[in-house]
Amino acid sequence: MTNTSATGGYLVPTSSAALPGGLTLNQFIHNVLVGISGLDNTLVRPSWQIEPPKYPAIDVNWMAFGINTITPDANAFVQINNDGSESFQRHEMLEIGLSFYGPELIYYSSLVRDGFQTTQNLEALRAANMGFTGVGPQQRVPDLLNERWVNRMTMSLFIRRQIQRVYPVLALVSANGTIHTVLSNGDDYNLNFLAEEEI
């Protein structure tokens, strides 16, 4: 059972903003990179898979991607809603590592770099409360596999993402009790009040 502010204990959000189509973050990034690169759906692959698929042939152009770091902003925004729940919002920066392979790796890494400069290519990001902030340098980092050099180009992609959550904090609409204080002249003063928590 989920706690509320009436039950005490730790709170978990009752809802979080979902990505379009119910996609996971990796699936969403995959679809964006497929669209911007023009590569086949099967040739844009998540890095570090539990069961890694076989590498494409050395003459095939393909890309791998993986989230390297997630850096949150310093302070979250918190707002109390009319129903007493608490809306939470913050931004985080995703650093996504991209690796390009194949004879045209420079072309495809440049295509992805420049594709984020086109307004229409940013529509999917905006619909998911994300925004493109930049790319790092393209670096040539070949791999030595089976005594054979495999060409590779790496690049970091930076995406800013808005996080939204709602926590079950209930509004305090009334309470009862007594406030006792001593005035500066030495007289006692009692203030009775009545309050109840909305549950």
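On a 1 Å grid over the protein atoms alone, a cavity is a set of points where a 1.4 Å probe fits but cannot get out, and its lining residues have an atom within 4 Å of a point. Grid points are joined across faces, edges and corners, and a volume is the space filled by probe spheres set on the points. The structure examined here is a predicted model, in which local features need pLDDT of at least 70 and side-chain atom pairs count only at pLDDT 80 or more, while totals for chains, interfaces and linings use all residues. Residues are numbered from 1 along each chain as its sequence is written, and side-chain values use heavy atoms, with hydrogens and water left out.

The chain has 3 helices and 12 strands. Helices (H or I, at least four residues) and strands (E, at least two) are DSSP runs, numbered from the N terminus. Of the 199 residues, 33% count as buried. Buried means under 20% relative accessible area, exposed means over 50%, and partly exposed lies in between (1.4 Å probe, protein chains only). Contacts (heavy atoms within 4.5 Å) were also examined along the chain. Among those between residues at least 6 apart in sequence, 60% join residues at least 24 apart.

Rolling a probe the size of a water molecule over the atoms shows where empty space is left. A search of the whole structure finds 1 cavity of 30 Å³ or more. The largest cavity has a volume of about 60 Å³. Its lining consists of Phe28, Ile29, Val32, Ile96, Phe116, Leu125, Met130, Leu157 and Ile159. Helix 1 and strand 10 (152-167) are the elements that give two or more residues to this lining. Helix 1 gives the most, with 3 residues. By class, the cavity lining has 9 nonpolar, no polar and no charged residues. Here Ala, Val, Leu, Ile, Met, Phe, Trp, Tyr, Cys and Pro count as nonpolar, Asp, Glu, Lys and Arg as charged, and the others, Gly among them, as polar.

Helix 1 covers residues 25-37. The expected span of a helix is 1.5 Å times one less than its number of residues. For the 13 residues of helix 1 this gives 18 Å, and the end C-alpha atoms are 18 Å apart, which agrees. Leu25, Phe28, Ile29, His30, Val32, Leu33, Val34, Ile36 and Ser37 are buried in this helix. An α-helix has 3.6 residues a turn, so residues three or four places apart point the same way. Just after helix 1, Gly38 takes a positive phi of about 80°.

Helix 2 (residues 105-115) also has buried residues: Leu105, Tyr108, Ser109, Ser110, Val112 and Gly115. What covers them includes helix 1, strand 3, strand 5 and strand 10.

A pocket is an open set of grid points with protein on both sides within 12 Å along at least five of seven lines. The largest pocket has a volume of about 240 Å³. It is lined by 13 residues, of which Pro46, Ser47, Trp48, Tyr55 and Ala64 lie nearest its centre. Strand 2 (44-46), strand 3 (62-72) and strand 5 (86-101) are the elements that give two or more residues to the pocket lining. By class, this lining has 8 nonpolar, 3 polar and 2 charged residues.

Most residues other than glycine have a negative phi, and most peptide bonds are trans. Trp48 is not a glycine, yet it has a positive phi of about 55°. Trp48 lies in the loop between strand 2 and strand 3. With a relative accessible area of 66%, Trp48 is exposed. Asn129 is also not a glycine and has a positive phi of about 60°. Its place is the loop between helix 3 (123-127) and strand 6 (130-135). Asn129 is partly exposed, at 34% relative accessible area.

Asp143 lies in strand 8 (residues 143-145), and Arg152 lies in strand 10. Asp143 counts as buried because its relative accessibility is 17%. Arg152 is buried too, with a relative accessible area of 17%. Their side chains are joined by a polar contact of 3.1 Å. A polar contact is a pair of N or O atoms within 3.5 Å; within protein, one must be able to donate a hydrogen and the other to accept it, and residues adjacent in sequence count only if both atoms are side-chain atoms. Not counting residues up to four places away in sequence, Asp143 touches Tyr101, Arg148, Trp149, Val150 and Arg152. The C-alpha atoms of Arg152 and Val141, 11 residues apart along the chain, are separated by 5.4 Å.
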